[in-house]
Amino acid sequence: MKIPFTDLGPQFREIKGAANRAFGELVKRGDYILGQDVRDFESSFAGFIGTKHALGVNSGTDALFLGLLGLGIGPKDEVIVPTYTYIASAFAITYTGATPVFVDIEEKTFNIDISKIEKAVTSKTRAIMPVHLYGQSADMRPILRIAKKYGLKVIEDAAQAHGAEYHGKKVGCIGDIGAFSFYPTKNLGALGDGGMIVTNDTRLYEKLKKLRDYGRKSKYEHDSMGYNSRLDAVQAIYLNEKLKRLDKWNEKRIQAADIYKKLLKGVGGINLPSEARNNKHIYHVFGIRVKNRDQVLEGLRNCGIEALVHYPVPLHLQDVYKGLGYKQGDFPVAEQVSREIISLPIYPHIKRSQLEYVAKKLKGLVKNG
Ligand SMILES: *Cc1c(COP(=O)(O)O)cnc(C)c1O
């Protein structure tokens, strides 16, 4: 049996009728840049997350980068970020001229270890960037408390967590800014690149609007620095149709995760993902830990199962950040997780028989104890 890591085909088939019609309308109107479709999607996305504003941008990376600029982050500043995340979280900080300051993660949720944040705060710290890794919210209450105590901004990297909840609130609307990615394989994915910034702060929103569109005051008058970072109308159309089905698709991921958990419960040598209390995990990634990771990975691949590793190298050990002076052993939890983690195939339309096949093969491959 061949089991891909993800399969976007069935999602597209569900939306293509309505989306292709809207695409036909777009071509007739011709408002390709920041037109009706982008406004419609921004307003439905803001409604979905529960923020006053949503602003479509080029990518999740740009959502973080422009978000940081909007918060006034720049050279000589420091931003606290977990070391165990995708490189874009830290790159967005570096692009502004600020320095990422890494913090270890907690073993159970793979999210930033809130007990280690305060030790990383210095006189230069300006913001904390929690990452809702794999689709599960970081523990935001203590993060907000620390931010308040030291006068820091909070920018949520919600690139993997469209629809995840923390104490009944959607992630993205908890900090000052939420940043989302619509990279095709994300829970809400475009047919290319795309991203979104959400916020309740109207002044910040106005500033971000200029940042994404050349600092425009009017068509050819520019009163501030800005970039070309706009969400395409074409992407907005397909995303808007997908958004209508996102809750349903997230539920299906949760069901698939439940099936994996039932099938793998109590199997020696496998550490299953756990959900913190008051969290709705939307399983962008179903990450398990095994001791003989590389062997298991190869074994799964030999059975036609496409498993991946998110992520094999924590950011403090990436060559690109050598200059920051971190070393092996600085963040032991992230280092151990990066040696043991495997992401199993998961997507809304995965079948029970496929989940059973993965579980069966996996059981035969893990080293017990
Ligand atoms: C995908 C991702 C990003 C970057 O999003 P792009 O749209 O690919 O630029 C940032 N942070 C995390 C945690 C991600 O998973």
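Of the 15 residues around the ligand, those that come nearest are Gly60, Thr61, Asp157, Ser181 and Lys186, where a residue counts as near a molecule if one of its heavy atoms lies within 4 Å of it. The structure is a predicted model, in which local features need pLDDT of at least 70 and side-chain atom pairs count only at pLDDT 80 or more, while totals for chains, interfaces and linings use all residues. Residues are numbered from 1 along each chain as its sequence is written, and side-chain values use heavy atoms, with hydrogens and water left out.

By class, the shell around the ligand holds 5 nonpolar, 8 polar and 2 charged residues; here Ala, Val, Leu, Ile, Met, Phe, Trp, Tyr, Cys and Pro count as nonpolar, Asp, Glu, Lys and Arg as charged, and the others, Gly among them, as polar. Two helices, α3 (60-70) and α4 (87-95), each supply at least two residues of this shell, helices being DSSP runs of H or I with at least four residues, numbered from the N terminus.

Polar contacts are pairs of N or O atoms within 3.5 Å; within protein, one must be able to donate a hydrogen and the other to accept it, and residues adjacent in sequence count only if both atoms are side-chain atoms. An oxygen atom of the ligand lies 2.8 Å from a backbone N or O atom of Gly60, and a nitrogen atom of the ligand lies 2.8 Å from a polar side-chain atom of Asp157. In the side chain of Ser181, an N or O atom is 2.6 Å from an oxygen atom of the ligand. Of the 380 Å² of accessible area that the ligand has on its own, the protein covers 93%, as computed by the Shrake-Rupley method with a 1.4 Å probe.
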